[in-house]
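Please read the points below alongside the coordinates. They take up charged pairs, aromatic rings, surface and confidence in turn.

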Amino acid sequence: MRYVFILFVFVCLPALAENHLLEELSNNAKKIERLSGVFTQHRKITVLPLPLISAGEFSYHHHTGMVWNTLDPIQSEIHITTQGIQTENNELTSQTAGSVQLAKMLLGIFSGDLTLLSEQFDIQVNGDMTQWHLHLTPKNEMVASQINAIDIRGKDTTESVAIADANGDHTDLTFTTQHLVFIEN
C-alpha cells in the first residue's frame, strides 16, 4: 500500500502542480485589460540561408482584440479580432480567408482562455509564476499539418513565443511589455 501511495505522489503531484500553475497563469491573463509593447520576430525559412527579421509594436485590448504593427523592414498592420484577421498594407485592406479560428486561438493565448487552447492543443506547463514555460502540441490533424509545437515563455507577461512549423520553418518572437493595465473590479 505504501508503494501505491508513493507512486501516486510521483505521478499525480506534478500534474496537480502543473494544473495549478496553468490556472494561475490563466487567471492573471484574464485580469489584463490592455497590454502594449514592442516585438522582434526572427523567421527562419528552411530554403533561405538567413532569417527574416522584423520589428514593431503590438497592442492588446480584451474587448477589441489585437493590433500588430510591423514597422521594419516593411510597414504593415494586422488586426486580430474574433471576426478574423485583417491586414492593412499601403492603404490596401484584406481579410485572411478562414482566419476566424486562428484569430480566436491567438486571442485565447493573450486572454488566458484555457478552454479554447485545450480544445486545440495538449498543454504542458513548467516553472512557477516568476518563470514559466508552456509547450503546446496540436491535437487535431489540420493544425498539426501546419504546426509541430508552440513554446511560450514568460514572467509577468509573455516574453517569447517559438513556433515550429511542420515544414521545418521556425519563428521566434520576443516581446517587451511597455504598458500594462489591469481590469478594475
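1. In this predicted model, the side chains of Asp-165 and Arg-43 meet in a salt bridge with an N to O distance of 3.1 Å, the term standing for a side-chain nitrogen of Lys or Arg within 4 Å of a carboxyl oxygen of Asp or Glu. The two partners come from distant parts of the chain, Asp-165 belonging to strand E10 (residues 158–165) and Arg-43 to strand E1, 122 residues apart; helices (H or I, at least four residues) and strands (E, at least two) are DSSP runs, numbered from the N terminus. Asp-165 is buried, with a relative accessible area of 13%, whereas Arg-43 is partly exposed at 22%, where buried means under 20% relative accessible area, exposed over 50% and partly exposed in between (1.4 Å probe, protein chains only).

2. Arg-43 also forms a salt bridge with Asp-169, for which the closest N and O atoms are 3.7 Å apart. Because Arg-43 lies in strand E1 and Asp-169 in the loop between E10 and strand E11 (170–182), this pair ties together parts that are 126 residues apart in sequence. Asp-169 counts as buried, at 8% relative accessibility, and salt bridges that share partners join Arg-43, Asp-165 and Asp-169 into one network.

3. How many salt bridges does a search of the whole structure find? The search finds three, and one of them pairs Arg-34 with Glu-33, the closest N and O atoms being 3.8 Å apart. Arg-34 is partly exposed, with a relative accessible area of 34%, and Glu-33 counts as partly exposed as well, at 22%.

4. The structure holds four aromatic pairs, a pair being rings of Phe, Tyr and Trp (its six-membered ring) whose centres lie within 6.5 Å, with planes under 30 degrees apart counted as stacked, over 60 as edge-to-face and the rest as tilted. Among them is the stacked pair of Phe-39 and Trp-68, at 4.0 Å centre to centre and with 20° between the planes. This pair links distant parts of the chain, since Phe-39 sits in strand E1 and Trp-68 in strand E3 (residues 65–72), 29 residues apart. Phe-39 is buried, with a relative accessible area of 2%, and Trp-68 is buried at 13%. Phe-39, Phe-58, Trp-68 and Phe-175 form one aromatic cluster.

5. On confidence, the mean pLDDT of the chain is 84, and 89% of its residues reach 70 or more, pLDDT being the predictor's confidence in each residue, from 0 to 100. Confidence is lowest in helix H1 (residues 2–30), at a mean of 58, and highest in strand E2 (residues 52–61), at 95. Over residues 1–16 pLDDT stays under 50, and for this stretch the model has two contacts (heavy atoms within 4.5 Å) beyond four places in sequence.

6. Conventions remain to be stated. Residues are numbered from 1 along each chain as its sequence is written, and side-chain values use heavy atoms, with hydrogens and water left out. Local features need pLDDT of at least 70 and side-chain atom pairs count only at pLDDT 80 or more, whereas totals for chains, interfaces and linings use all residues.
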